[in-house]
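Subject: Structure for your review

Dear colleague,

I would be grateful if you kept it open while reading the notes.

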Amino acid sequence: MNKREFLTAGAVLGAASVFPMTSLAQSKLKINNLDKTVDSSGKYILPELPYAYNALEPHIDEQTMKLHHDIHHAGYVKGLNTATDKIQEAINNNDFAIIKHWERELAFHGGGHFLHSIFWNVMGPKQGNRSTDLNKYINKSFGSFDGFVKLFAAASGAVEGSGWGIMSYEPVADKLIVMQAERQGNLTQWVTIPILPVDVWEHAYYLKYQNKRGDYIKAFMNVINWEYVSEQFDKTLALYK
Ligand code: MN3
């Protein structure tokens, strides 16, 4: 570890010990009330519905809301906490034999927990008006509100099997997009922000490493620019300030 790496690691560890990540994140995740989805110890919790079970009648019935929130969503919270514990156990025991299973569980239940938490909030007994900015972005991204409605309905209706239709902000082209998420998001949790991706498609390593993906991942770990990653991480944290 060189001096820069030491300082970076120290800064991260120092910050973590003074402000545990969970409470740091919790204080900032006000968007969609996501601060209500985790407690101060970092354990995920079921947020209360922001209205009564029957508040969306007759469009969405009381019985469906009860089952959906109290049984299905609660199940994702439980599954996410279990996956989180099991992954910690794997680290503690240095035993990653079934890590694929727990990573799938982490994504499936995490996707379920976060998407449902957002889903409850985007519905309500009152509809209100769209803001000037939202209208502007809908027009810029989909041509018109009607264009958005048609795309959103078509894409959501065409999800293969179980899943979601999601309108998201895409910050690179600064626009809104609609995407499908099969199941709860196919191995992602949707609220996460990429910090350190590694491409494990064969085209990324096959010429040099052939079928030895593990060797390529070890090599990748040697070329990470931690200074850059740290800067991007700091910027990401600042998004929630
Ligand atoms: Mn559901």
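This is a predicted model: local features need pLDDT of at least 70, side-chain atom pairs count only at pLDDT 80 or more; totals for chains, interfaces and linings use all residues.

In soluble globular proteins, nonpolar side chains tend to be buried together. Here, the largest nonpolar core consists of 7 residues, namely Tyr137, Ile138, Phe142, Phe148, Ala155, Leu176 and Val178. Two or more of these residues come from each of α5 (132-142), α6 (145-157) and β2 (175-182), and α5 gives the largest share, with 3 residues. If neighbours within four places in sequence are set aside, Ala155 is in contact with Val178 and Gln180. Another core, of 6 residues, lies apart from this one and includes Leu49, Tyr51, Leu56 and Trp120.

His113 counts as buried because its relative accessibility is 0%, and the cut-off for buried is under 20%. A polar atom of the His113 side chain lies 2.9 Å from the backbone oxygen of Thr37. Beyond residues up to four places away in sequence, His113 touches Thr37, Tyr44, Ile45, Pro47, His73, Tyr76, Val77 and Leu80.

Turning to charged pairs, the whole structure contains 4 salt bridges.

- Glu62 and Lys66 form a salt bridge, with their closest N and O atoms 3.7 Å apart. The two are 4 residues apart in helix α3 (residues 62-93), so about one helical turn separates them. Glu62 is partly exposed at 29% relative accessibility, as is Lys66 with a relative accessible area of 34%.
- Lys86 and Glu89 are joined by a salt bridge of 3.9 Å, N to O. Both lie in helix α3, 3 residues apart, which is about one turn of the helix.
- Lys140 and Asp174 meet in a salt bridge of 3.2 Å, N to O. This pair links distant parts of the chain, 34 residues apart: Lys140 is in helix α5, while Asp174 is in the loop between β1 (163-170) and β2. Lys140 is partly exposed at 47%, and Asp174 is partly exposed at 26%.

Finally, the surface carries a nonpolar patch of about 590 Å², made by Ile193, Ile195, Leu196, Ile217, Met221, Trp226 and Leu239. At least two residues of the patch are supplied by each of α8 (213-221) and α9 (226-239). Met221 lies in helix α8 and is partly exposed, with a relative accessible area of 45%.

Yours sincerely,
A colleague

Key: Residues are numbered from 1 along each chain as its sequence is written. Side-chain values use heavy atoms; hydrogens and water are left out. A nonpolar core is a set of buried Ala, Val, Leu, Ile, Met, Phe, Trp, Tyr and Cys residues joined through side-chain atoms within 4.5 Å. Buried means under 20% relative accessible area, exposed over 50%, partly exposed in between (1.4 Å probe, protein chains only). Contact means heavy atoms within 4.5 Å. Patches are made of residues with over 30% relative accessible area and no salt bridge: like charges are joined within 9 Å, nonpolar side chains (Val, Leu, Ile, Met, Phe, Trp, Tyr) within 5 Å. Accessible areas come from the Shrake-Rupley method with a 1.4 Å probe; for residues, only the protein chains shown count as cover. A salt bridge is a side-chain nitrogen of Lys or Arg within 4 Å of a carboxyl oxygen of Asp or Glu. A polar contact is a pair of N or O atoms within 3.5 Å; within protein, one must be able to donate a hydrogen and the other to accept it, and residues adjacent in sequence count only if both atoms are side-chain atoms.
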